[in-house]
Structure formats: structure tokens, C-alpha cells
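Me: Please take a close look at the surroundings of the ligand in this structure, and at the backbone features of the loops.

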Amino acid sequence: MKDLLVLGIESTAHTFGCGIVSGEGEVAADERSTYIPSKGGIHPRESAQHHSSVAPGLVKRALSASGLSANDISAVAVALGPGLGPCLRVGATIARALAAAYDKPLIPVNHAVAHIEIAKLTTRFRDPLIVFVSGGNTIISAYSDGRYRVFGETLDLALGNMLDAFAREAGLPHPGGPKVEELAKKGNKFIKLPYVVKGQDVSYSGLLTAALKLLKEGFRLEDVCYSLQEYAFAMLAEVVERALAFTEKREVVLTGGVASNVELQRKLEMVAKEHNAVFGVVPRSLAGDNGVMIAWTGALAYSHGVTIDVAESHVRPRWRLDEVDIPWVSRGTN
Ligand code: AMP
Ligand code: MG
């Protein structure tokens, strides 16, 4: 939609982001700050405190970077879920305050839908099989009949979470995914680990436990990282292949923070080629959580009449991808 400018707020987990995007998908601002736990995994309350302390400054910076004032914005979009309750509430509070103070419509955005839409925008794919892998999600999805349907997912840990947990136990800094990737390149010994695919779904918790056991047994960290990645990505590639054979989509897109992993990209590209599908990856700069993807999904939703009353805009920590109506996609394309 021409002349549309949407400000998007992301705060579902570790990152507070504020993005401004036009109705054509041009990015006018992309400000973000990520909470890094001092030890252990993400502590929801600490992450929420981080978000509260950076939020006002980031919103101001986004507006000044875009050369806009709050009055120039057409609507405010916010990720209401899924995510960590205390973190979600910070973003929702800021978004509601902006919408109320400047008398702008408020648009509810599902965080998983946003990871998908930013991947579609940046790859120009129209109807892909989507592989969404991040800190908190491992989902294989495709559009069908008004919604993004789930064709496979993890039964326990998300891929990013599993890599982060492994890295943490191995004494590597957070986030662990990129460190595991780096070390895996120096591994050359393939060590047997549990490979768990159940129907269309993967399970990563047994793999994590077994990989940590290898470390205790004295195997080289590089070899364990290499083997861990091989198993984790091969399991995912298998369920992706099955979903691709079933849905017969002609495009495969990889999105979410773990999408930056080059070995995962290589494996999924091979699967896509086998099935005569083209393969694309969200750019690294938009792979992790950000406000731009919320603003862009907000723009799509708003141009199809989706808004929410401030009084109704409760956070939805467990809001599933396949519960969201997607009116901007028709017959599998947009
Ligand atoms: P997100 O939740 O979408 O912001 O993504 C964050 C997750 O992506 C964390 O679990 C990171 O460890 C993971 N990640 C980022 N870069 C890589 C990489 N190169 N390889 C594997 N995982 C990664
Ligand atoms: Mg995410």
C-alpha cells in the first residue's frame, strides 16, 4: 500500500527491536538491542528489564534515523506472541502507549508469521515451504487455505536453544549457535549420536544429552560440534524433504536466527534441488529477531484490515503459528 508507514515493536525474547517499514517493504529504520545473559540461559525477568531500559531510546532513535516524527506513522505493530510473558509485556506496553498517545491503529503480529513474511519479502518467494529455526522455534510450514500450516516441528527443544544449551555446558559464550558452527568446521571425526525423527517431527533433547556425554568422555570439542551439527541438521533435512514431497512446493526458504548457519543452508539446498525447488535464505541481518519483520507483517495485516483495540491487546505467550488467519495471501501467493 502506498504511503503506508508502520512502526513495529519486537520484544518476545532476548531482543528489543523497533523497525519502520513502508507499505512497499522499504526499511526506514532498524534499531535493536539484545540482552545477553551473564550466565545460564535467558532469564525472562532480566531480559524484560533490559527491554524496559532500552525501549524509549530505541524508539526515539528509529524515528530520528528515518527522519520521521511519530505523527507521520500510519500504524503501530507489535509482536504479541509467542514468547516470554515478561518480555512480551514490555513491547506491548510501549506499543499501546504509542498507539494511544498518537492516536494510531494498533496491529497484532505473531512473531513466527513475521519471521516468515520477512523471508518472503527478501527472497521474493511467493509460496515457499518454510523452515523456521530460531532460539525458541523449529517449525516446517507452508501456506494452505488461509493459514500457515505446520507440517513438522520439534517435540521438545528448538534447534537454536539446543545449540545454545550445548555451548553453555561446553563453556562457550552466548549465543552458542555461531560458536558451535565455527568449531564444527575444525572437526573431522564423525561420532555416533542418537538420530530421532518421529513421523514429521524431530526431537533434540536426547541428542543434546548424548553430545554432552561425549564431552565428559573426553572427545575433542571440535569433533563433538561437527557430529552434533551433522545429526541435528540431517534430522531436520529429512523432515523438510518429506514435507516438500507432500506439499510439492517449488520454493524452500530458511528463516530465523539459525538460518545463518552455512552448513544447514548447504544441506537444505541439496534437499530442495533433489525436488526441483529453488532455495533461499533470509539475509543474515534479518535472520535474528528484529522490529523490521514485525513492522512489515504489520503493514501486510493493516492493509487487509487487521487491527486490535488497545483494551484487547493481551500478550499471547503460546500463540501458535497455525492459529493466525493470513488474509493477505490468497491461493498460496501474495
Ligand atoms: P532468534 O531467536 O531468531 O533471534 O535466533 C537466535 C538463535 O540463532 C540462537 O539460538 C543462536 O544461537 C542461533 N544462531 C545464530 N547464528 C547461528 C549460526 N551461525 N549457527 C547456528 N545457530 C545460530
Ligand atoms: Mg525469533
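Reply: What follows describes the ligand site and then some loop features.

This is a predicted model, in which local features need pLDDT of at least 70, side-chain atom pairs count only at pLDDT 80 or more, and totals for chains, interfaces and linings use all residues. Residues are numbered from 1 along each chain as its sequence is written, chains are lettered from A and ligands numbered from 1 in the order in which they are written, and side-chain values use heavy atoms, with hydrogens and water left out.

Ligand 1 has 19 residues around it, and those that come nearest are Gly135, Asp164, Gly177, Glu181 and Gly257; a residue is near a molecule if one of its heavy atoms lies within 4 Å of it. By class, this shell holds 5 nonpolar, 11 polar and 3 charged residues, where Ala, Val, Leu, Ile, Met, Phe, Trp, Tyr, Cys and Pro count as nonpolar, Asp, Glu, Lys and Arg as charged, and the others, Gly among them, as polar.

The helices α4 (159–169) and α5 (176–184) each supply at least two residues of the shell, and α5 gives the largest share, 4 residues; helices here are DSSP runs of H or I with at least four residues, strands are runs of E with at least two, and both are numbered from the N terminus.

A polar side-chain atom of Asp164 lies 2.6 Å from an oxygen atom of ligand 1, a backbone N or O atom of Gly177 lies 3.0 Å from a ligand oxygen, and a backbone N or O atom of Val258 lies 3.5 Å from one. The protein covers 91% of the 510 Å² of accessible area that ligand 1 has on its own, as computed by the Shrake-Rupley method with a 1.4 Å probe.

The bond from His174 to Pro175, however, is cis, with omega near -5°, and Pro175 lies in the loop between α4 and α5. The peptide bond from Gly81 to Pro82 is also cis, with omega near -5°, and Pro82 is in the loop between β4 (75–81) and α2 (85–102).

Technical notes. A polar contact is a pair of N or O atoms within 3.5 Å; within protein, one must be able to donate a hydrogen and the other to accept it, and residues adjacent in sequence count only if both atoms are side-chain atoms.
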